[in-house]
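Here is a short briefing on one protein model. Please look over the sequence and the structure before reading on.

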Amino acid sequence: MVLGFGDPLWWLAAVALLHLYVRYGHGTTSAPTDRTSAGPAPATYQAYRARRDQQARWERRYRRERPLEARRQERRK
């Protein structure tokens with residue numbers, strides 16, 4: 001057989017490993033996907049404050065509308 005793989009399971013395992021390597025294993029660093037703020041950093045301090053205040057309003061509203069879930073999340077921290 002080609003490359004010594006006679007069993008099709010070995011081919012499937014090789015393809016799966018290749019897929020994982022291409023997807024995750026290039027060794028390049030990228031931005032983390034679990035960022036809390038979306039988008040680029042604000043250009044001015046005023047834009048930063050506006051974004052921070054908006055985020056605080058959203059968090060207060062979430063805690064007000066979903067008190068049980070908010071308490072559950074606080075316990076996990």
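How many aromatic pairs does the count come to by this rule: rings of Phe, Tyr and Trp (its six-membered ring) with centres within 6.5 Å? The count comes to one aromatic pair. Y45 and Y48 form that pair, and it is tilted. This is a predicted model: local features need pLDDT of at least 70, side-chain atom pairs count only at pLDDT 80 or more, and totals for chains, interfaces and linings use all residues. Residues are numbered from 1 along each chain as its sequence is written, and side-chain values use heavy atoms, with hydrogens and water left out.

**Fold and confidence**

- The secondary structure comes to three helices and zero strands. Helices (H or I, at least four residues) and strands (E, at least two) are DSSP runs, numbered from the N terminus.
- From the N terminus on, the order of elements is α-α-α.
- The mean pLDDT of the protein chain is 80, and 77% of its residues reach 70 or more. pLDDT is the predictor's confidence in each residue, from 0 to 100.
- Among the elements, α2 has the highest mean pLDDT (93). Helix α3 (residues 67–76) has the lowest (84).

**Surface and burial**

- The protein chain has 77 residues, and 1% of them count as buried. Buried means under 20% relative accessible area, exposed over 50%, and partly exposed in between (1.4 Å probe, protein chains only).
- The accessible surface of the chain comes to about 7500 Å². Carbon and sulfur atoms account for 60% of this surface. Areas come from the Shrake-Rupley method with a 1.4 Å probe; for residues, only the protein chains shown count as cover.

**Helix α1**

- Helix α1 covers residues 8–24.
- At 1.5 Å a residue, α1 should span 24 Å, and its end C-alpha atoms are 24 Å apart, which agrees. The expected span is 1.5 Å times one less than the number of residues.
- L17, L20 and Y24 form a nonpolar patch on the surface. Together they have about 370 Å² of accessible area.
- Patches are made of residues with over 30% relative accessible area and no salt bridge; like charges are joined within 9 Å, and nonpolar side chains (Val, Leu, Ile, Met, Phe, Trp, Tyr) within 5 Å.
- L20 lies in α1. L20 is partly exposed, at 43% relative accessible area.

**The aromatic pair in helix α2**

- The ring centres of Y45 and Y48 are 5.8 Å apart, with 35 degrees between the planes. Planes under 30 degrees apart count as stacked, over 60 as edge-to-face and the rest as tilted.
- Both tyrosines sit in helix α2 (residues 45–65). Y45 and Y48 are separated by about one helical turn because they are three residues apart in that helix.
- Y45 counts as exposed, at 51% relative accessibility. Y48 is partly exposed, with 38%.

**Salt bridges**

- The structure holds four salt bridges. Such a bridge is a side-chain nitrogen of Lys or Arg within 4 Å of a carboxyl oxygen of Asp or Glu.
- One of them joins E65 and R61 (2.9 Å, N to O). Both residues lie in α2, four residues apart, about one turn of the helix.
- E65 is partly exposed, at 43% relative accessible area. R61 is partly exposed too, at 47%.
- E65 also meets R66 in a salt bridge (3.7 Å, N to O). R66 is partly exposed, with a relative accessible area of 41%.
- Another bridge links R76 and E69 (3.6 Å, N to O). R76 counts as exposed, at 59% relative accessibility, whereas E69 is partly exposed, at 24%.
- Salt bridges that share partners join R61, E65 and R66 into one network.
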